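Subject: Structure handover

Hello,

Here is the structure I promised you. Please open it and keep it beside this email as you read.

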Amino acid sequence: MPHRQLKQPIGPFALTRTLAWLRLCAIAGQSMAVLVCAWWMQINIPTLSLLLGIDLLAVFAVFAAWRISQPWPVREWETVCHVAADTLVLGYLLYFTGGASNPFVTLLLVPIALSAAALSVRAVLAVASIAGAAYFVLLSWYVPLPMNERMGSDQGFSLHVAGMGVNFAITALLLGFFINRLATAVRMQQLEVQRARERALRDEGILAIATQAAGAAHELNTPLSTMRTLLPELRREHAADAALDEDLVLLEGQVERCRTILREMVAFGKAQLSQQSERIDLPSFIHGCVERFQLLRPEAELELRVQAGLENIVLRTPPGLRHALLNLLNNAADASALRDSHSVMLEVRREGHWLDWIVRDRGPGFTPSGAPAAIGESGKQSGLGIGLALAEATAERLAGELITANTENGAEMCLRLPIAVIAED
């Protein structure tokens with residue numbers, strides 16, 4: 001998905017979008033106020049001139065709605081221009097309704113308060129200057145607000161006080177609602193920054209472990225080659241000792257297994273660098289993962305459940321997916337072993353545009369806090385460790401997520417990945 005400006009939680013675009021909604025509220029409120037004063041209260045105001053100003057604001061609102069739907073970013077100067085247009089229309093309406101003596105003149109403060117929460121100091125000063133200039137002009141040039149001939153001075157003053165009350169309620173509502181939205185956006189931005197920092201720390205730990213593993217693999221290659229050469233000679237020298245020969249055969253098998261693991265590590269690293277995906281149908285991929293897991297953990301009792309109708313899905317298996325799934329299965333086997341159980345279940349199912357890989361164990365479950373163990377720690381007491389961290393990193397890289405939860409008999413880990421990313425549907 002391309003990065004559009006809608007993803008910006010706070011800033012010029014957020015304020016411009018807030019002003020668009022505020023502008024709609026202003027058009028509705030101003031239209032109602034003009035009609036009430038002219039028809040119900042029968043105050044002799046220039047209705048046509050006021051409605052003309054509201055119509056101009058409506059035209060600008062249509063333009064602003066079109067503008068924020070475009071992909072190019074909104075700059076601060078453009079947001080200031082939007083505020084200037086709103087201020088100009090509001091000043092025009094106040095000019096025909098008493099100028100600075102109109103109780104609604106304090107609405108000029110609303111754009112300043114909103115700008116202070118989303119723009120830079122220079123932009124806020126520009127908005128304040130525009131509002132201050134409008135207020136200064138309205139102090140000297142305005143059309144006095146005519147009163148009904150039946151109204152005395154006391155009733156006119158009471159009407160002014162009532163207008164102040166209505167203005168206070170409107171200002172409090174607008175500021176409370178829209179500033180709360182902007183503050184919520186700021187908190188969401190801070191939360192996202194914190195999550196990004198945590199991901200960076202986790203990835204840094206994974207990179208450190210990967211670097212150490214690469215160095216260890218390089219260093220282990222020499223002693224493994226030496227043992228692979230010496231073990232057949234030892235078998236020939238002690239061919240008469242059946243017990244020793246059996247042990248040496250076992251050692252040869254373990255050495256070959258270590259060499260195979262090292263070769264797979266090198267192949268996996270090359271695949272990661274080339275970013276080439278493996279094209280394989282889903283049943284074959286699942287069969288390969290299950291077979292590999294059973295070789296690694298022969299004592300585990302794996303139960304496999306695959307939803308019907310998934311046979312025709314062809315995976316574009318990215319590097320790391322197979323290892324992430326094996327890490328989850330291995331973690332589940334370790335967790336089940338804590339309760340003297342060998343039961344592990346793997347369920348593959350499709351939900352809409354997502355493909356879920358669900359691994360369940362019979363272990364003690366996750367800790368109440370749910371906080372993962374540090375990178376490099378085993379964390380088996382809580383069912384979490386380096387395998388889970390690697391699986392989570394793989395899920396994020398593939399635009400998916402890793403969901404963990406406790407069940408009645410253990411824990412559940414769901415690796416949810418979008419089909420559009422990992423498969424040819």
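Below is what was found, from the whole chain down to single residues.

Overall picture

Please note that this is a predicted model. The protein has eleven helices and eight strands. It holds 425 residues, and 37% of them are buried. Take the contacts between residues at least 6 apart in sequence: 74% of these join residues at least 24 apart.

Start with α1 and α2. Their axes are 10 Å apart, and the two helices pack at an angle of about 160 degrees. Angles over 145 degrees count as roughly antiparallel, so α1 is roughly antiparallel to α2. Their crossing is left-handed. On the α1 side, the residues that meet α2 include Phe13, Arg17, Ile27 and Val34. On the α2 side, the residues that meet α1 include Leu50, Ile54, Phe60 and Ile68.

Now move on to α2 and α3. These axes come within 9 Å and cross at roughly 165 degrees. The pair is therefore roughly antiparallel. The crossing of α2 and α3 is left-handed. From α2, the contact residues include Ser49, Gly53, Leu57 and Arg67. From α3, they include Glu78, His82, Asp86 and Tyr92.

A closer look at α3

Annotated regions

The unreviewed UniProt entry carries the annotation "transmembrane region" for residues 20-41, 48-69, 89-112, 124-145 and 157-179. Residues 89-112 are 46% helix and 0% strand in the model, with end C-alpha atoms 16 Å apart. Residues 124-145 are 77% helix and 0% strand, with end C-alpha atoms 31 Å apart.

Pro144 sits in the loop between α5 and α6 (153-237). Is Pro144 buried or exposed? It is exposed, with a relative accessible area of 56%. Pro144 and Thr97 are 47 residues apart in sequence, yet their C-alpha atoms are 6.4 Å apart in space.

Helix α9 has 17 residues, which should span 24 Å at 1.5 Å a residue. Its end C-alpha atoms are 25 Å apart, which agrees. Among its buried residues are Leu321, Leu325, Leu328 and Asn331.

After that, check the backbone at two places. Most residues other than glycine have a negative phi. Asp340 has a positive phi, near 55 degrees, and is not a glycine. Asp340 lies in the loop between α9 (321-337) and β4 (343-351). Asp340 is exposed, with a relative accessible area of 75%. Ala399 is not a glycine either, and its phi is positive, about 65 degrees. Ala399 lies in the loop between α10 (386-397) and β6 (401-406).

Best wishes

Definitions and conventions: Residues are numbered from 1 along each chain as its sequence is written. This is a predicted model: local features need pLDDT of at least 70, side-chain atom pairs count only at pLDDT 80 or more; totals for chains, interfaces and linings use all residues. Side-chain values use heavy atoms; hydrogens and water are left out. UniProt positions are given in the numbering used here, feature names are shortened, and annotations may be inferred rather than shown by experiment. Helices (H or I, at least four residues) and strands (E, at least two) are DSSP runs, numbered from the N terminus. Axes are lines fitted to C-alpha atoms, for helices over the stretch in contact, and angles run from 0 to 180 degrees between N-to-C directions. Angles under 35 degrees count as roughly parallel, over 145 as roughly antiparallel, 65 to 115 as roughly perpendicular and the rest as oblique. A crossing is left-handed if the near helix is turned anticlockwise from the far one by less than a right angle, and right-handed if clockwise. Contact means heavy atoms within 4.5 Å. Buried means under 20% relative accessible area, exposed over 50%, partly exposed in between (1.4 Å probe, protein chains only). The expected span of a helix is 1.5 Å times one less than its number of residues.
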